[in-house]
Amino acid sequence: MGYTFRGHSDTEVLLTAIEAWGLPVTLQKSTGMFAMAVWDNHEEVLHLARDRIGEKPLYYGWQGKSFLFASELKPLTFHPDWAGRIDRDALGEYLLNSNVPAPRSIYQNIHKLPPACILSIPLLNLRQQSTPPPQKYWSLEDIAIQGNTHPYLESTDRAIDELDARLRDTIRGMMISDVPLGAFLSGGIDSSLVVALMQHESELPIRTFTIGFHDEDFNEAVYAKKVAQHLRTDHTELYITPENALQVIPELPVIFDEPFSDPSQIPTFLVSRLTRQHVTVALSGDGGDEIFCGYPRYAFTNSIWRNAHRLPRAIRKILATSLSIVPRKLFAMPGKAAGFLRHENVSDLYRHVVMHHAWPSETILAHDLYSDKDDYKRFHGMDIVTQLQIMDIENYLQNDILVKVDRAAMSNSLETRAPLLDHRIVEFAFSLPLQMKVRENKGKWILRELLKRYIPERLFERPKMGFSVPIGSWLRGPLRDWAESLLNENRLKQEGYFSAPVIRKFWKEHLAHEQNWEYYLWDILMFQIWLDHTKNQSYSSSAS
């Protein structure tokens, strides 16, 4: 286009593109992860925009007469108009999800810009203190509909070849870096595939990093090591202890800005810190489960839902009512089964299946849980698995996994890149027929077949473990005194957010091994230390 660049900054490229094409067209042409604010001096419009999948955060909202926005909540809290009132309804959503899902934040009147959206605010609106709704520039639902209307019709071998070529092209681009580069490696399908393709593109050994646990039920490091040895990467591993967790916990409120209680936040932070000691950029396998149907619940829900809804509605209601009165100590299976019978659409069922906290209405004081009763209507005509995928991408992936990885990495000055979340890979995956993703009740079929070209099947075919920590035993052991201080009954009553009798009951039953309440308790504990941090921050801000 005849433009001569004066420097080497990607920001200069972005600004030049916006000047030439405008922001909407520039976003359509852009790939990768980003959050941006652009002031159009000619049109007098402020634009806020976020990447398609939601890898980078962007907060905004009104506090008093000031419109605030930032990529973190921390800077907003230092503005003179900052009120910082906790949204109790958002707190209810937090207990359900282990995070505060977009577009809410933990604070009243502060929102997260949803992924793939532009928020354009003319100067007149800013003067009138009004904010128009965000507009999408890319739609996952449209991609799913297009994939269903125009599915991939080539052979499975051709599909594997094409995925191989697309991923290698994406990874080749992500490996362009002026600084040292490596990858997270768990030994699972997704990270192993990313590392295998990276090593295929590199003449030198790729740096790989993993975290291990001395508890065998949680330890994936042994599998990662075998994959690393086969691919001949330059591998580094670190085994962590409860003492390591204790050292990290005080930092979590600073790292995450909001209450966030996925326990894998601890190993994610530690593997990021380990990685940053050696490289500046790391590729990850995030997104493989959501994009290529890796979670067992896809095949399970598809099968159970169809069978359950062969029964007349009246019969299903009677069975659901009967199961719902099963004693709470037996809640898990009867409760989930009742959900399949009670709910009339997959959207409501999804919320029931992935719901993190069983009884938030009994736990939180003075709140109203949010529920979109018409949410399911947008899925008209879609198969069950595609509906579950979209909801997982919009909920668990965006609000949990990507938040966890981004905050843990950035707090260690580490940049992460996720090849499987490149929107071109996402669009290709949604064009594939379901049988190329799920076969014999096993997900990620096409990823497995592709990975077989690079490493032996025996190195990655094993039960799915996830990336977590033995929080339950730690709370009964080395973290017990710390947890007891945060769950003190007088303190809970004084703060007024949670029902002290309910929380104390959970705590006592957990300590007595009567019931494993580790995740429910971790939700409360993460809110409590976040609350302590915000109080201390407000004191220091007032003092300064």
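**View 1. Glu237 and the residues it touches.** Leaving aside residues up to four places away in sequence, Glu237 touches Thr210, Ala221, Lys225 and Leu274 (contact means heavy atoms within 4.5 Å). This is a predicted model, where local features need pLDDT of at least 70 and side-chain atom pairs count only at pLDDT 80 or more, while totals for chains, interfaces and linings use all residues. Residues are numbered from 1 along each chain as its sequence is written, and side-chain values use heavy atoms, with hydrogens and water left out. Glu237 sits in strand β10 (helices, H or I of at least four residues, and strands, E of at least two, are DSSP runs numbered from the N terminus). Its relative accessibility is 31%, so Glu237 counts as partly exposed (buried is under 20% relative accessible area, exposed over 50%, partly exposed in between, with a 1.4 Å probe and protein chains only). Phe209 is 28 residues away from Glu237 in sequence, yet the two are 5.7 Å apart, C-alpha to C-alpha.

**View 2. The buried face of helix α8.** Helix α8 covers residues 221-231, and its buried residues are Ala221, Ala224, Val227, Ala228 and Leu231. Looking down the axis of α8, these fall within an arc of 120 degrees, so they line one face of the helix (the arc is that of the directions from the helix axis to the C-beta atoms). What do the buried residues of α8 pack against? They pack against α7 (189-201), β9 (207-213) and β10 (234-240). Just after α8 comes Arg232, with a positive phi of about 60 degrees.

**View 3. Helix α6 alongside helix α19.** Here α6 (residues 156-174) and α19 (residues 423-431) pack at an angle of about 170 degrees, with axes 10 Å apart. That makes α6 roughly antiparallel to α19. (Axes are lines fitted to C-alpha atoms, for helices over the stretch in contact, and angles run from 0 to 180 degrees between N-to-C directions; under 35 degrees counts as roughly parallel, over 145 as roughly antiparallel, 65 to 115 as roughly perpendicular and the rest as oblique.) From α6, Ala159, Glu162, Leu163, Arg166, Leu167 and Thr170 meet Arg424, Ile425 and Phe428 of α19. By class, the contact of α6 with α19 has five nonpolar, one polar and three charged residues (Ala, Val, Leu, Ile, Met, Phe, Trp, Tyr, Cys and Pro count as nonpolar, Asp, Glu, Lys and Arg as charged, and the others, Gly among them, as polar).

**View 4. Where helix α11 crosses helix α18.** The axes of α11 (residues 265-276) and α18 (residues 384-410) come within 8 Å and cross at roughly 40 degrees. The two helices, α11 and α18, are therefore oblique to each other. Gln265, Thr268, Phe269 and Ser272 of α11 make the contact with Lys404, Val405, Ala408 and Ala409 of α18. Sorted by class, the contact of α11 with α18 has four nonpolar, three polar and one charged residues.

View 5. In the loop between α3 (88-97) and β5 (110-112) you'll find Pro103, joined to Ala102 by a cis peptide bond with omega of about 10 degrees. Ser98 is in the loop between α3 and β5 too, and has a positive phi of about 70 degrees although it is not a glycine. Ser98 counts as buried, at 4% relative accessibility. Lys444, in the loop between α19 and α20 (445-451), has a positive phi near 55 degrees. Lys444 is buried, with a relative accessible area of 5%.
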